[in-house]
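Student: I would like to go through the terms used for this structure and see what each one rests on. Please set every value against its definition.

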Amino acid sequence: MTQDDTTWRLMREDVLLGTITVEDTDFPWMYGRFTAEPAFAEVKPWFDAVRETMAAEVYGERFDAAYAPIARTLTLVSPSGPVADFLLHIDGTTAWFR
């Protein structure tokens, strides 16, 4: 497996926000190392808000509201192309998604 086979891209329209190098899987989750690009700073607060709702064990509508900007605005691109639906978490240099 080459790095191209394991590298996913996080995009906002045509701007690269960062890459995820998948290092482990536990179906349905994939885990990897996140490398942020400078533009990621603009959307980092969205991921922080999601992480805060999870830490507070608050789910349902509050979680959905926190995650909405991510789902509405960002695209996760697999090695074979964009994925239709995804749930992505980023904490520093760690990412996990399905």
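Student: Which residues is H89 in contact with, leaving aside its neighbours within four places in sequence?

Tutor: H89 is in contact with W29, F47, V50, M54, F63, T94, A95 and W96. Contact means heavy atoms within 4.5 Å. Before going on: this is a predicted model, in which local features need pLDDT of at least 70 and side-chain atom pairs count only at pLDDT 80 or more, while totals for chains, interfaces and linings use all residues. Residues are numbered from 1 along each chain as its sequence is written, and side-chain values use heavy atoms, with hydrogens and water left out.

Student: Why is H89 called buried?

Tutor: The relative accessible area of H89 is 6%. Buried means under 20%, exposed over 50%, and partly exposed in between, with a 1.4 Å probe and protein chains only. H89 is therefore buried. The residue lies in strand β6; strands are DSSP runs of E with at least two residues, helices are runs of H or I with at least four, and both are numbered from the N terminus.

Student: What does L16 touch, not counting residues up to four places away in sequence?

Tutor: L16 touches R9, L10, M11, E37 and A39. For T21 and R9, 12 residues apart along the chain, the C-alpha atoms are separated by 8.9 Å.

Student: What makes a set of residues a nonpolar core?

Tutor: The set must consist of buried Ala, Val, Leu, Ile, Met, Phe, Trp, Tyr and Cys residues joined through side-chain atoms within 4.5 Å. The largest such core here has 24 residues, of which L10, I20, F40, F47, Y67, L88 and I90 touch the most other members. Elements supplying at least two residues each include β1 (7-12), β2 (15-26), α2 (44-55) and α3 (61-73). The largest share, four residues, comes from α3. F47 touches L10, F40, I70, L74, L88, H89 and I90, not counting residues up to four places away in sequence.

Student: Why are α2 and α3 called roughly antiparallel?

Tutor: They pack at an angle of about 155 degrees, with their axes 9 Å apart. Axes are lines fitted to C-alpha atoms, for helices over the stretch in contact, and angles run from 0 to 180 degrees between N-to-C directions. Angles under 35 degrees count as roughly parallel, over 145 as roughly antiparallel, 65 to 115 as roughly perpendicular and the rest as oblique. α2 and α3 are therefore roughly antiparallel.
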